[in-house]
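Biologist: I'm new to this one, so could you walk me through how its helices sit together?

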Amino acid sequence: MLQYEKKNGILLVRLSGELDHHCAAAIREELDALIDRSDARRLVFDLSGLTFMDSSGIGMMIGRYKRMRSRGGTMGVMAGDARIERMMELSGLYQIVDKLA
């Protein structure tokens with residue numbers, strides 16, 4: 001499930017449940033539409049509600065990072081679950097996006 005809010009140039013996206021190959025494409029399409037119609041300069045993912053994420057979730061986030069960067073924007077990620085946090089670290093995503101508390 002995806003929820004979002006835009007405030008002060010920041011698009012905050014909260015994901016909950018599972019982020020896997022079954023739903024990553026739909027989330028990607030929804031986020032691309034949000035980014036394209038928004039003037040947000042920063043995209044922040046709040047993953048604290050996720051219970052599972054596979055590599056397609058990482059791929060989806062890398063794609064949104066590239067989209068924001070092409071617009072001159074930035075991206076940050078808040079991961080709550082220790083397993084998801086570990087996946088973020090192992091994937092190297094925190095080397096290109098901001099790790100937020």
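This is a predicted model: local features need pLDDT of at least 70, side-chain atom pairs count only at pLDDT 80 or more; totals for chains, interfaces and linings use all residues.

Biologist: OK, so at what angle do α1 and α2 pack?

Modeller: They pack at an angle of about 15°, and their axes lie 10 Å apart; α1 and α2 are therefore roughly parallel to each other. Their crossing is right-handed.

Biologist: Which residues of α1 and α2 meet there?

Modeller: On the α1 side there are A24, I27, R28, L31, D32, I35 and D36, and they meet S56, M60, R64, R67 and M68 of α2.

Biologist: Let's take α1 by itself. Which of its residues are buried?

Modeller: In α1, which spans residues 24-37, the buried residues are A24, I27, L31, D32, L34 and I35. Seen down the axis of α1, these fall within an arc of 165°, so they line one face of the helix. The face turned away from that buried side carries the exposed residues E29 and R37.

Biologist: And what do the buried residues of α1 pack against?

Modeller: They pack against the strands β1, β2 and β3, and also against α2.

Biologist: Switching to α2, where do its buried residues sit around the axis?

Modeller: The buried residues of α2 are G57, I58, M60, M61, R64, Y65 and M68, and they cover an arc of only 160° around the axis, which puts them on the same side of α2. Their packing partners are β2, α1, β3, β4 and α3.

Biologist: What follows α2?

Modeller: α2 is followed by G72, whose phi is positive, near 85°.

Notes. Residues are numbered from 1 along each chain as its sequence is written. Side-chain values use heavy atoms; hydrogens and water are left out. Helices (H or I, at least four residues) and strands (E, at least two) are DSSP runs, numbered from the N terminus. The expected span of a helix is 1.5 Å times one less than its number of residues. Buried means under 20% relative accessible area, exposed over 50%, partly exposed in between (1.4 Å probe, protein chains only). The arc is that of the directions from the helix axis to the C-beta atoms. Contact means heavy atoms within 4.5 Å. Axes are lines fitted to C-alpha atoms, for helices over the stretch in contact, and angles run from 0 to 180 degrees between N-to-C directions. Angles under 35 degrees count as roughly parallel, over 145 as roughly antiparallel, 65 to 115 as roughly perpendicular and the rest as oblique. A crossing is left-handed if the near helix is turned anticlockwise from the far one by less than a right angle, and right-handed if clockwise.
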